[in-house]
Amino acid sequence: MGRRPGPRAAIDAGGLVVVMKVKVDSEKCQGHNRCYAMAPGMFKVDELGYATPRGDGTLTPDKMALAQKAVDNCPERAIEIVDE
Ligand code: SF4
């Protein structure tokens, strides 16, 4: 699997703080639980293994690398890091 683009900086070119969040596309998620294992505490899974971010998915800077690891290891490409 090819490497995907990494997360962007938390501050944009205009100096505004950008809130980064991790999201799971429920249409793509197949319940492998890989994200749950790769990024402890970042995702919760239901009884069938389908994942959703904990809380609202907001990423603090120290969690960015862990979130990217989950993105890179999701076989369904269901996880993305977005700015809001
Ligand atoms: S690794 Fe991807 S497909 Fe598997 S549970 Fe997590 S989000 Fe869903």
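Which residues have the most contacts inside the largest nonpolar core? I looked this up before anything else, keeping in mind that the model is predicted. The core has 17 residues, and Cys35, Ala67, Ala70 and Ile79 have the most contacts inside it. I then checked which elements give two or more residues to this core, and found β1, α2 and β4.

**Entry: the chain as a whole**

I stepped back to the overall layout. The protein chain has two helices and four strands, and along the sequence they run β-α-β-β-α-β. I noted that 25% of the 84 residues are buried. I also looked at contacts between residues at least 6 apart in sequence: 62% of them join residues at least 24 apart.

**Entry: helix α2**

Next I went to α2, which spans residues 64-73 and has Ala67, Gln68, Ala70 and Val71 as its buried residues. Why do they sit on the same side of α2? They cover an arc of only 155° around the axis, so they share one side. I then asked what the buried residues of α2 pack against, and wrote down β1 (20-24), α1 (34-38) and β4 (79-83).

Setting aside residues up to four places away in sequence, Ala70 touches Cys35, Met38, Ala39, Met42 and Ile79. Two of these partners, Cys35 and Ile79, are listed with Ala70 among the core residues with the most contacts.

**Entry: around the ligand**

Which residues come nearest to the ligand? I found 14 residues around the ligand, with Cys29, His32, Arg34, Cys35 and Cys74 coming nearest. Cys35 therefore turns up in my notes both here and in the core. Sorted by class, the shell holds seven nonpolar, five polar and two charged residues.

**Entry: Val45**

My last stop was Val45, in strand β2 (residues 43-45). Is Val45 buried, partly exposed or exposed? I read 16 C-beta neighbours inside 10 Å, so Val45 counts as partly exposed; buried would take 20 or more. Leaving out neighbours within four places in sequence, I listed its contacts as Asn33, Tyr36, Tyr50 and Ala51. Val45 and His32 are 13 residues apart in sequence, and their C-alpha atoms are 9.7 Å apart in space.

Notes. Residues are numbered from 1 along each chain as its sequence is written. This is a predicted model: local features need pLDDT of at least 70, side-chain atom pairs count only at pLDDT 80 or more; totals for chains, interfaces and linings use all residues. A residue is near a molecule or strand if its C-beta atom, placed from the backbone, lies within 6 Å of it. Ala, Val, Leu, Ile, Met, Phe, Trp, Tyr, Cys and Pro count as nonpolar, Asp, Glu, Lys and Arg as charged, and the others, Gly among them, as polar. A residue is buried if 20 or more other C-beta atoms lie within 10 Å of its own, exposed if 12 or fewer, and partly exposed in between; C-beta atoms are placed from the backbone. The arc is that of the directions from the helix axis to the C-beta atoms. Two residues are in contact if their C-beta atoms, placed from the backbone, lie within 7 Å. A nonpolar core is a set of buried Ala, Val, Leu, Ile, Met, Phe, Trp, Tyr and Cys residues joined through C-beta atoms within 7 Å.
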